[in-house]
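Hi,

Here is the structure for you to look over. Please open it first, then read my notes below.

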Amino acid sequence: MSDQLTYVLAHIGYFSLFVGLIPLLVIITIGFRYVSLIEDLVATERGGISAARYIWQGKLIGRLMRSSNVFAYLMFRAIPYPFFQQRASLLGDPAVPLPRKWQAWVITPMLLMYLAVMITLATNLMIQSTK
């Protein structure tokens, strides 16, 4: 692989790493309001979402962890197979109707953040394989 391609890959990796911070900021600020609203509706007495609320509280890392739990709940709930529905029921009540706007404020930033991390890792692997 040429030095120019390595240079371009390095810049793509750095760019995606820093662009990935924007969804992270959205998750812990604006998006967390919707995480809390969803938690209020779907939390069950013995579910993982209510346990995460108790354990993680509302500090910086706690907001990210609680957002991750709600993201997992929404993804499991969206997959129509019984295995995933069961996993969603371990986190909260999958039968509760939720507004799409609330779901979008949780799912979109989390997917963008994970995409940025995957791009960064992929470019790093490609650069490492050329050495």
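Start with helix α5, where G62, R66, S67, V70, F71, Y73, L74 and R77 are buried. Buried means under 20% relative accessible area, exposed means over 50%, and partly exposed is in between (1.4 Å probe, protein chains only). Helices here are DSSP runs (H or I, at least four residues), numbered from the N terminus.

This is a predicted model: local features need pLDDT of at least 70, side-chain atom pairs count only at pLDDT 80 or more, and totals for chains, interfaces and linings use all residues. Residues are numbered from 1 along each chain as its sequence is written, and side-chain values use heavy atoms, leaving out hydrogens and water.

What do the buried residues of α5 pack against? They pack against α2 (21–28), α3, α4 (48–56), α6 (82–91) and α7. Contact means heavy atoms within 4.5 Å.

The length of α5 (residues 60–78) also checks out, because its 19 residues should span 27 Å and its end C-alpha atoms are 27 Å apart. The expected span is 1.5 Å times one less than the number of residues.

Next, E39 in helix α3 (residues 30–42). E39 is buried, with a relative accessible area of 1%. E39 touches I49, R53, R66 and V70, not counting residues up to four places away in sequence.

Now the surface. L5 is found in helix α1. Is L5 buried or partly exposed? L5 counts as partly exposed because its relative accessibility is 39%.

Best wishes

Terms used: Helices (H or I, at least four residues) and strands (E, at least two) are DSSP runs, numbered from the N terminus.
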